Amino acid sequence: MKTIIALSIVCLPLKLLTVTSPFGYRINPISGKIEFHNGVDLRAKYDTVYAVLNGIVRSECYNSSFGMAISLQNGEITSIYGHLDKFLVNAQDSVRAGQPIAISGSTGRLTAAHLHFSVRYQNRYINPLNFLYEILKTTNHEQKL
Ligand SMILES: [Zn+2]
């Protein structure tokens with residue numbers, strides 16, 4: 001993973017990152033049951049969503065929990081963006097980090113508009129904030145050299 005990260009250029013998924021619900025176990029705001037939240041919820045209201053890494057759009061779909069969602073693949077890393085209002089890219093497109101890929105919204109099962117953002121590495125969900133932090137740290141370090 002370190003090598004992939006070192007070679008990657010990363011961008012934040014939104015201009016401003018405000019976490020409204022963290023990664024991990026939580027009480028589902030709708031069902032009231034304990035569940036595993038496989039990503040983070042970020043404050044967004046019909047804002048532009050950016051690709052965090054270069055990659056290929058694997059799918060854009062509608063799913064009952066995440067609403068309109070995009071998954072973007074970069075090697076063994078998949079980033080997933082949910083509750084979108086509008087897609088700005090198509091499946092199979094190749095996108096660059098920082099490219100606008102969607103407009104966030106409130107589709108799917110949720111209480112208020114936000115962006116759901118997940119990162120999967122080797123088919124396992126990892127904490128997306130730690131992931132972004134690790135990459136940004138590496139990128140900044142490289143820029144200083
Ligand atoms: Zn979520």
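Student: What share of the contacts in the chain with a separation of 6 or more comes from residues 24 or more positions apart?
Tutor: Such residues account for 63% of those contacts, where contact means heavy atoms within 4.5 Å. Bear in mind that this is a predicted model, where local features need pLDDT of at least 70, side-chain atom pairs count only at pLDDT 80 or more, and totals for chains, interfaces and linings use all residues. Residues are numbered from 1 along each chain as its sequence is written, and side-chain values use heavy atoms, with hydrogens and water left out.

Student: Okay, and what does the secondary structure come to?
Tutor: The chain has two helices and 12 strands. Both kinds are DSSP runs numbered from the N terminus, with helices being H or I of at least four residues and strands E of at least two. Read from the N terminus, the order is α-β-β-β-β-β-β-β-β-β-β-β-β-α.

Student: How much of the chain counts as buried?
Tutor: Of its 145 residues, 41% do. Buried means under 20% relative accessible area, exposed means over 50%, and partly exposed is in between, using a 1.4 Å probe and protein chains only.

Student: Let's talk metal. Which residues are the protein donors of the zinc ion?
Tutor: They are His-37 through NE2, Asp-41 through OD and His-116 through ND1, at 2.0 to 2.2 Å from the zinc ion. Donors here are N, O and S atoms within 2.8 Å of the metal (3.2 Å for Na, K and Ca), and water is not among the atoms, so sites may look incomplete.

Student: What spacing do the donors follow along the chain?
Tutor: The pattern is H-x3-D-x74-H. Asp-41 lies in strand 4 and His-116 in strand 11, so this pair ties together parts that are 75 residues apart in sequence.

Student: Are those two buried or exposed?
Tutor: Asp-41 counts as buried at 6% relative accessibility. His-116 is buried too, with a relative accessible area of 1%.

Student: What else is Asp-41 up to, and where is it?
Tutor: Asp-41 sits in strand 4, which covers residues 40-43. Its side chain makes a polar contact of 3.1 Å with that of His-37 and another of 3.2 Å with that of His-116. A polar contact is a pair of N or O atoms within 3.5 Å; within protein, one must be able to donate a hydrogen and the other to accept it, and residues adjacent in sequence count only if both atoms are side-chain atoms. Leaving out residues up to four places away in sequence, Asp-41 also touches several others, including Thr-18, Ser-21, Arg-26 and Leu-115.

Student: You mentioned Ser-21. Where does Ser-21 lie?
Tutor: Ser-21 belongs to strand 1, residues 19-21, and is buried with a relative accessible area of 11%. Its side chain has a polar contact of 2.7 Å with the side chain of Arg-26. Among the residues Ser-21 touches, not counting those up to four places away in sequence, are His-37, Gly-39 and Asp-41.

Student: New topic: which residues lie nearest the centre of the largest pocket?
Tutor: Those are Arg-26, Asn-28, Glu-35, His-83 and Arg-109, out of 17 lining residues. On a 1 Å grid over the protein atoms alone, a pocket is an open set of points where a 1.4 Å probe fits, with protein on both sides within 12 Å along at least five of seven lines, and lining residues have an atom within 4 Å of a point.

Student: Which strand gives the largest share of that lining?
Tutor: Strand 3 does, with three residues. Strand 3 (34-37) and strand 11 (114-121) each supply at least two residues of the lining.

Student: Last one: where is Val-49, and is it buried or exposed?
Tutor: Val-49 is in strand 5 and is buried, with a relative accessible area of 0%. Leaving aside neighbours within four places in sequence, the residues in contact with Val-49 include Pro-13, Tyr-81, Ile-101 and Leu-115.

Student: And what about Ala-44?
Tutor: Ala-44 is in the loop between strand 4 and strand 5 (48-50). Ala-44 is buried, with a relative accessible area of 2%.
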